[in-house]
Amino acid sequence: QLQLVESGGGLVQPGGSLRLFCVASGYTLNFYAIGWVRQALGKEREGVSCISSSGGRTNYVDSVKGRFTISRDNAKNTVYLQMNSLKPEDTAVYYCAAQLTNYNSDYVPSLEPVGPYNFWGQGIQVTVSS
């Protein structure tokens, strides 16, 4: 069973940066497309970004394009989300999620609707506030 653990969240001022980490264990990530999904308090969950198992294709929701970058290192079983120029509206719990695909595929999951994903991390809080 694939397990996902997020880290790197916290409190940052508007305009600041954070880098989220999603570390997988239990199976190689080469068979999984990965997405970052966030949920703000009182709001529906939102697909933020996703990356194919090969790392060759990515996708972003319009609100984060040009500010967020998703990447992965399959040798380290880790996916990253670099978040720059953060805004208060980016405040949310961020989850990484995995969808089983073919080995080193260029398939990317849907951002809207979210997923579908087979495995989810526990989530990590990102707060953007002065």
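Trp120 is partly exposed in this predicted model, with a relative accessible area of 33%, whereas Tyr117 is buried at 13%; here buried means under 20% relative accessible area, exposed over 50%, and partly exposed in between, for a 1.4 Å probe and protein chains only. The model is a predicted one in which local features need pLDDT of at least 70 and side-chain atom pairs count only at pLDDT 80 or more, while totals for chains, interfaces and linings use all residues. Residues are numbered from 1 along each chain as its sequence is written, and side-chain values use heavy atoms, with hydrogens and water left out.

A search of the whole structure finds seven aromatic pairs. One of them joins Tyr117 and Trp120 in an edge-to-face arrangement, with 5.6 Å centre to centre and 80° between the planes. Rings of Phe, Tyr and Trp (its six-membered ring) are taken to pair if their centres lie within 6.5 Å, and planes under 30 degrees apart count as stacked, over 60 as edge-to-face and the rest as tilted. Ring pairs also link Tyr27, Phe31, Tyr32, Tyr103 and Phe119 into a cluster.

Four salt bridges are found in a search of the whole structure, a salt bridge being a side-chain nitrogen of Lys or Arg within 4 Å of a carboxyl oxygen of Asp or Glu. Arg38, which is buried with a relative accessible area of 6%, forms a salt bridge with Glu46, their closest N and O atoms being 2.7 Å apart, and Glu46 itself is partly exposed at 28% relative accessibility. Arg38 also forms a salt bridge with Asp90, where the closest N and O atoms are 2.9 Å apart. Because Arg38 lies in strand E4 (residues 32-39) and Asp90 in the loop between E8 and strand E9 (92-100), this pair ties together parts that are 52 residues apart in sequence; strands (E, at least two residues) are DSSP runs, numbered from the N terminus. Asp90 is buried, with a relative accessible area of 1%, and a network of salt bridges links Arg38, Glu46, Arg67 and Asp90. A salt bridge is also formed by Asp62 and Lys65 (3.0 Å, N to O), of which Asp62 is exposed at 61% relative accessible area and Lys65 partly exposed at 48%.

Four strands form an open sheet in the order E1-E3-E8-E7, with antiparallel pairing, where two strands pair if DSSP finds at least two bridges between them. Strand E1 (3-7) and strand E7 (68-73) stand at the edges with a single partner strand each, so one side of each is left without a neighbour in the sheet.
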